[in-house]
Every structure is written in structure tokens, then in C-alpha cells.
Amino acid sequence: MSDGAMVNGEQVFHPTTVRSPWVGVVVAVVVLSSLLPLGMYFYYGIVQSSLSYQVGPAGLTVEMGVGRVHIPAGEVAAVDRLADPAQSRRVAGASMRGLQMGWFDLDGQRVYRLTTAGRDLVFVDTAPDAAAARAATRYVFNPTDPDRFVALLRAAQAGQWAAAAGTAQEVVFRPAAGPSVLGEPLLLFSIAVTVPIAVGFPWLVWSGARGLHYRVGPEGIAVHHLGRTLYRWSSIRRIQRLDGPLPRFFRVYGASLPGYHVGTFTAGPLGSVKLYARRLAPPLVLLETSTGKVVLDPEDVDGFLQAVDKYR
């Protein structure tokens, strides 16, 4: 629909066309940032559901779906049961009811933890000169049969696997069952908060920018943006064309993206204004109404003002 076209007795005017890839970049960043907490929880859900400790003559392999930790038998410095810690503090990683993954401080000692519960723990220390595994690190696990886990890994460390495991080539231990990560209250809160943002924000920007236009008719000037706001002729005190240097617009409430500026702004000597524009460059149109100032951005400013003179 071209500017100046008549629709229901009103002349239609569109804002200045602005083509910028940056609005897409900003929207993408907001969407990805909003979904990041949800993605992290699903990541930890995969870790929890696939976590296993595999002990064999070659050593220990911890599978977690998205990666693995391998500690060769020759790089195991010590393995034993670990007393239930009186104090446990996350340093970096995840600390949920059903999964503890990352660096923790257990009773004052720094450890790397891959567990699903806080009891029946075992530790595996790596040698200071370890090459395949992280050197001089204490790992903490919680296999369902911790005593057998310790016995088998010690046998592998000593080169006595057959005597301890018989014909078994590998023994897989699952971690003790814990509450599902996907049932975490914080996950449900994240979904409730982030998904509406990730879906609603791009929809609002796309719908708002695409549908923004102005109509001048017998009743007054209507701004169409996610709805219709009518400024009646009786409430409009003054209409002014803004040329030359413009004050800088600072957003108070609303959106200010490349090619899309709507909401309440403050603009130097103009004070507080309602802004409905695609670009912030002259010429613009200022409406001074009984409810405040409004700044519009019709692409055909002259045609817009002629329509104002016609109907006003």
C-alpha cells in the first residue's frame, strides 16, 4: 500500500524504510541468551541420564553422554571410600539435587565431582605426572556398589584384574539414583521466564516493525503499532516538522533497535516524548497533544502534513 492511499476514509503513511542486519543480530542474541539457562538444564539432564563409571583392566572411563573422563590404570595414584563430607561448596559447575558436576570444595579440599547424590562417595586420585588424565586431581564419584568399585579399580591399578573380576572385560557402575534434573523447580521457573521471552520478543519486534504506520483522517491521527492509538484533532495543540539537528533520544521504556524505535523516550529540550519511528533522523513530525508529545517518522513528510491540513 503506497503512502497517501485511502483506507476507510483515512490516508495511510508508512515510516521511513530502514534496512539493517543489526536488528536481526540483536534479536538472535536476545533469543539465544534467553534460551541459555534452558539449554544448560537439558545439557545437565543428558549428563545425569547417561552418567556411568566403567572399570576395566585399562583403568576407569566415566561416560556422561556429552563427553568422557578417562583415567588409565597406571595413572591412578589412590582410590578409596570417601567419608560423607560435612561441608560441600560448589566452586564452578552444577550443584543440583540430582547432579553435582564440576569443581567443589569438600571439607576444605578442592575436588572434581561427578555424582548424583551426597552419600556413598569414592575418590580417585591421579598421579602428579599423569599424561592422559588431569594430573594431581581428586575425582569424586558415587557408584551404586562403592566397595566393589574400589576393589576392581585397585585390582586394575595393581595389574591383577583377572584375579578380581574373573572373565569380565569391563564392569559398568551406574551412579546412585537421585532426583531428576528435569524436575528441578529452578528448571520450571527458567522455562516459565525464558521461553516467553525467546518467543515473544522476536514476535513483538517483527510484528511491531512490520505493522507500524500512521493514518490521517476526519477523527485525527492514528498510530498503528500492535494496535491503534488515536490522537483526536481536539487533543492536538500543535503539529511541527522537525528539521536540522535533532536532540539525542534516550529510551525510558520500550524498544530502541536499529530500524525500530518505539516507546517513551527523553529527548533534550523536547523532554519526554512518545516515539513511533524507524529511523531517528530529520525530517520528523512532532505532535503536541493534551496527553504529551509524540514524534512520528513518515517517509512522505510533505504528504503527511498536507493530509493534516486537509482534515484538520
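This is a predicted model: local features need pLDDT of at least 70, side-chain atom pairs count only at pLDDT 80 or more; totals for chains, interfaces and linings use all residues.
User: How many salt bridges does a search of the whole structure find?

Analyst: Side chains of opposite charge can pair when their charged atoms come close. A salt bridge here is a side-chain nitrogen of Lys or Arg within 4 Å of a carboxyl oxygen of Asp or Glu. The search finds 15 salt bridges. In one of them, D80 pairs with R154 at 3.3 Å, N to O. This pair links distant parts of the chain, D80 being in strand β6 (residues 76-82) and R154 in helix α2 (residues 146-158), 74 residues apart. Helices (H or I, at least four residues) and strands (E, at least two) are DSSP runs, numbered from the N terminus.

User: Which residues form salt bridges with R81?

Analyst: R81 meets D120 at 3.5 Å, N to O. R81 lies in strand β6 and D120 in the loop between β9 (109-115) and β10 (121-126), so this pair ties together parts that are 39 residues apart in sequence. R81 also bridges to D147, with the closest N and O atoms 2.7 Å apart. Because D147 lies in helix α2, that pair ties together parts that are 66 residues apart in sequence. Elsewhere, salt bridges that share partners join E10, R215, E219, R228 and R232 into one network.

User: Why does R81 count as partly exposed?

Analyst: Buried means under 20% relative accessible area, exposed over 50%, and partly exposed in between (1.4 Å probe, protein chains only). R81 counts as partly exposed because its relative accessibility is 32%. D120, at 41%, and D147, at 49%, are also partly exposed. By contrast, S190 is buried, with a relative accessible area of 9%. S190 lies in helix α4.

User: What volume does the largest pocket have, and which residues are closest to its centre?

Analyst: Rolling a probe the size of a water molecule over the atoms shows where empty space is left. On a 1 Å grid over the protein atoms alone, where a 1.4 Å probe fits, a pocket is an open set of points with protein on both sides within 12 Å along at least five of seven lines; lining residues have an atom within 4 Å of a point. The volume of the largest pocket is about 300 Å³. Of its 14 lining residues, H225, Y253, G254, A255 and V262 are the closest to the centre. Strand β18 supplies the largest share of the lining, four residues.

User: Where are the nonpolar cores, and which residues have the most contacts inside the largest one?

Analyst: In soluble globular proteins, nonpolar side chains tend to be buried together. A nonpolar core is a set of buried Ala, Val, Leu, Ile, Met, Phe, Trp, Tyr and Cys residues joined through side-chain atoms within 4.5 Å. The largest has 37 residues, and L60, V124, F141 and F149 have the most contacts inside it. Helix α2 contributes the largest share of this core, five residues. A second, separate core of 29 residues includes V27, W233, Y260 and L287.

Notes. Residues are numbered from 1 along each chain as its sequence is written. Side-chain values use heavy atoms; hydrogens and water are left out. Grid points are joined across faces, edges and corners, and a volume is the space filled by probe spheres set on the points.
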